[in-house]
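Please consult the sequence and the structure shown below while reading.

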Amino acid sequence: MTDVILHDYWRSSSAYRVRIGLNLLGIPYRSIPVDLTTGAQRGPEHLKANPQGLVPVLEIDGLRLTQSLAILEYLDETRAAGLLPQDPADRARSRALAHAVAMEIQPVCNLRVAQHAVSLGGSATLDGWMTHFIALGFQGLEPMLTGDSPFSLGPTPGVADLCLVPQVYNARRWGLDLTPFPRIAAIAARMEALPEVAAAHPDRVKPGA
């Protein structure tokens, strides 16, 4: 039994990126599923782990960590993971790419946000909302991914790539055409070809899979 525990929901983008990080680092963990569709994240047991009522929560090194980017930076700093470059300018660029997904696209495409927007009436649909805002975000992200490196910022996966993969999964889920975003699609394909990344895919970890 491992002492590393991930409070996880199989379709959560934030949890997905942490699963990728743990797998790439070869850190075995035990998953505690938190079913967001039934409101388990608001139950008393989960609120003890994270008063925000969100996933993921990572229990590691005697700590209980929340917020996926904070978790990934902790792993980078304590395991010499190489998820962030050493050069300060490159670190800033890497964070900017990661934040473009995790802080710009993901919050507005959070399912509870989209469902609330649709519930207010008008012509909005879930599919339309998701594809509009993911496409808008990708339109800004695509030209930020300059150069011809295999991954977002160099020859190995970094924190930006860990954020990109779940967002591409969501784009496909909601039917967004990725043809206008060839660099995003190419980086995601290279990531998805890695066994550690494939093992973190929602279809591989969902209950009953």
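At roughly what angle do the axes of α7 and helix α8 cross, and within what distance do they come? In this predicted model, the axes of α7 and α8 (residues 182-192) cross at roughly 105 degrees and come within 9 Å. Because angles of 65 to 115 degrees count as roughly perpendicular, α7 is roughly perpendicular to α8. On the α7 side the contact is formed by D161, L162, L164, V165, V168 and R172, and on the α8 side by I184, I187, A188, M191 and E192. By class, this contact between α7 and α8 holds 8 nonpolar and 3 charged residues, with no polar ones.

Two packed helices are described by the angle between their axes and the distance between the axes.

| Helix pair | Axes come within | Crossing angle |
|---|---|---|
| α4 and α6 | 9 Å | roughly 165 degrees |
| α4 and α7 | 7 Å | roughly 30 degrees |
| α7 and α8 | 9 Å | roughly 105 degrees |

Helix α4 spans residues 88-109 and helix α6 spans residues 126-141. With their axes crossing at roughly 165 degrees, α4 and α6 are therefore roughly antiparallel to each other. The crossing of α4 past α6 is right-handed. From α4, the residues L97, A100, V101, I105, V108 and C109 meet W129, M130, F133, I134, G137, F138 and L141 of α6. The residues of this contact comprise 12 nonpolar and 1 polar, and none is charged.

The axes of α4 and α7 come within 7 Å and cross at roughly 30 degrees, which means that α4 is roughly parallel to α7. Here α4 passes α7 in a left-handed crossing. The α4 residues S94, L97, A98, V101, A102, I105 and Q106 meet V159, A160, C163 and Q167 in α7. This contact has 8 nonpolar and 3 polar residues, with no charged ones. Among the α4 residues, L97, V101 and I105 take part in the contact with α6 and also in the contact with α7.

## Pockets and the cavity

Rolling a probe the size of a water molecule over the atoms shows where empty space is left.

The largest pocket has a volume of about 1000 Å³. Its lining consists of 38 residues, of which S12, L36, Q106, N110 and L111 are the closest to the pocket centre. One of these, Q106, also belongs to the α4 side of the contact with α7. Two or more lining residues come from each of α1 (13-24), α3 (68-79), α4, α5 (111-119), α6 and α7 (159-173). Helix α4 provides the largest share of this lining, with 5 residues. By class, the lining of the largest pocket contains 15 nonpolar, 18 polar and 5 charged residues.

The second largest pocket holds about 150 Å³ of space. Its lining is formed by D8, Y9, W10, R19, Y29, S31, P33, V34, D35, T37, V205 and P207. These residues divide into 7 nonpolar, 2 polar and 3 charged.

A search of the whole structure finds 1 cavity of 30 Å³ or more, and the largest cavity has a volume of about 30 Å³. L69, E73, R95, A98, H99 and V159 line this cavity. At least two of the lining residues come from α3, and at least two from α4. The largest share, 3 residues, belongs to α4. By class, the cavity lining has 3 nonpolar, 1 polar and 2 charged residues. Two of the residues that line the cavity, A98 and V159, also take part in the contact between α4 and α7.

## Backbone features in two loops

The peptide bond from V55 to P56 is cis, with omega near 5 degrees. P56 lies in the loop between α2 (44-49) and β3 (57-60).

Another backbone feature concerns D61, whose phi is near 55 degrees, a positive value in a residue other than glycine. D61 is located in the loop between β3 and β4 (63-66).

Definitions and conventions
Residues are numbered from 1 along each chain as its sequence is written. This is a predicted model: local features need pLDDT of at least 70, side-chain atom pairs count only at pLDDT 80 or more; totals for chains, interfaces and linings use all residues. Side-chain values use heavy atoms; hydrogens and water are left out. Axes are lines fitted to C-alpha atoms, for helices over the stretch in contact, and angles run from 0 to 180 degrees between N-to-C directions. Helices (H or I, at least four residues) and strands (E, at least two) are DSSP runs, numbered from the N terminus. Angles under 35 degrees count as roughly parallel, over 145 as roughly antiparallel, 65 to 115 as roughly perpendicular and the rest as oblique. A crossing is left-handed if the near helix is turned anticlockwise from the far one by less than a right angle, and right-handed if clockwise. Contact means heavy atoms within 4.5 Å. Ala, Val, Leu, Ile, Met, Phe, Trp, Tyr, Cys and Pro count as nonpolar, Asp, Glu, Lys and Arg as charged, and the others, Gly among them, as polar. On a 1 Å grid over the protein atoms alone, a cavity is a set of points where a 1.4 Å probe fits but cannot get out, and a pocket is an open set with protein on both sides within 12 Å along at least five of seven lines; lining residues have an atom within 4 Å of a point. Grid points are joined across faces, edges and corners, and a volume is the space filled by probe spheres set on the points.
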